Amino acid sequence: MKLNIKLSLAILASAMMAVSCGGSGGGSSESESTSSTPPPAPEPPKEVNLEEKYKDDPIFIRGVELMQQNDCPSCHMIERKIVGPSYADVAAKYESTEENVEMLAGRVIAGNVGEWGEIPMPAHPALSEDDAKDMVRYVLLLKK
């Protein structure tokens, strides 16, 4: 009986040692597989969240405030298309020039159709020209 216990403990100890040393018997295959496997590719740089990037910018802060006071979030998001284009898509299409600010503010106030598809953007006649321009400056700030 004592022999069986000693033999069982010896076998158990050997098995534990073999497992802890990677002992499936193929010690050389592990080194071969690591030498033929290319090193992992470096991670691409993480995209900066536009909200995080501009959170302290006064144009961004004013723009967010105006957008939330109006019905803009029902059709637009910062980085994702809903009904209308994302603000980031608009910023990518238009340079931040005073001419573009005036033109786009006019489209926000008067409404528009055809620039981004057949779904019309409704007019916002109650919006002041200054507020519309501030909103457009905010959108154009979001260029990636």
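Reader: Let's start with histidine 124. What does histidine 124 touch, leaving out residues up to four places away in sequence?

Author: Histidine 124 touches Asp71, Val108 and Ile109. Keep in mind that this is a predicted model. Contact here means heavy atoms within 4.5 Å.

Reader: And why is histidine 124 called buried?

Author: The cut-off for buried is under 20% relative accessible area. Histidine 124 comes in at 15%, so it counts as buried. As for its place, histidine 124 sits in the loop between H6 and H7.

Reader: What makes the link between histidine 124 and aspartate 71 a polar contact?

Author: The limit for such an N or O pair is 3.5 Å. The side chains of histidine 124 and aspartate 71 are joined at 2.9 Å, which means the pair passes.

Reader: Which residues of H6 are buried, and what puts them on the same side?

Author: They're Asn100, Val101, Leu104, Ala105 and Val108. Those residues cover an arc of only 130 degrees around the axis, which puts them on the same side of H6. The buried residues of H6 pack against H7. The face turned away from that buried side carries the exposed residues Glu99 and Ala110. After H6 comes glycine 111, with a positive phi near 90 degrees.

Reader: How about H4: how do you know that its span agrees with expectation?

Author: Helix H4 covers residues 58–69, which is 12 residues. At 1.5 Å a residue they should span 16 Å, and the end C-alpha atoms are 17 Å apart, which agrees.

Reader: What makes you say the buried residues of H4 line one face?

Author: The buried residues of H4 are Phe60, Gly63, Leu66 and Met67. Seen down the axis of H4, they fall within an arc of 135 degrees, so they line one face of the helix. Pro58, Gln68 and Gln69 are exposed on the other side. At the start of H4, a side-chain oxygen of aspartate 57 comes within 2.8 Å of the backbone nitrogen of isoleucine 59.

Reader: Now charges. Why do arginine 62 and glutamate 65 count as a salt bridge?

Author: Side chains of opposite charge can pair when their charged atoms come close. The cut-off is 4 Å, and the closest N and O atoms of arginine 62 and glutamate 65 are 2.9 Å apart, so the pair qualifies. Being 3 residues apart in helix H4, the two are separated by about one helical turn. Arginine 62 is partly exposed at 30%, as is glutamate 65 at 37%.

Reader: What about lysine 143 and glutamate 95: why is that pair called a salt bridge?

Author: Its closest N and O atoms are 3.9 Å apart, and the limit is 4 Å, so it still counts. The pair links distant parts of the chain, 48 residues apart: lysine 143 in the segment after helix H7 (129–141), glutamate 95 in the loop between helix H5 (87–93) and helix H6 (98–110).

Reader: How many salt bridges are found in the whole structure?

Author: The search finds 9. Arginine 107 and glutamate 115 form one of them, at 3.6 Å from N to O. Salt bridges that share partners also join Arg62, Glu65, Glu98, Asp131, Asp134 and Arg137 into one network.

Definitions and conventions:
Residues numbered from 1 in each chain as written. Predicted model: local features only at pLDDT ≥ 70, side-chain atom pairs only at ≥ 80, totals over all residues. Heavy atoms only, no water. Helix = DSSP H or I, 4+ residues; strand = E, 2+ residues; numbered from the N terminus. Expected span 1.5 Å × (residues − 1). Buried < 20%, exposed > 50% of the residue type's maximum accessible area, 1.4 Å probe, protein only. Arc of directions from axis to C-beta. Polar contact = N/O pair within 3.5 Å; in protein donor to acceptor, adjacent residues only side chain to side chain. Salt bridge = Lys/Arg side-chain N within 4 Å of Asp/Glu carboxyl O.
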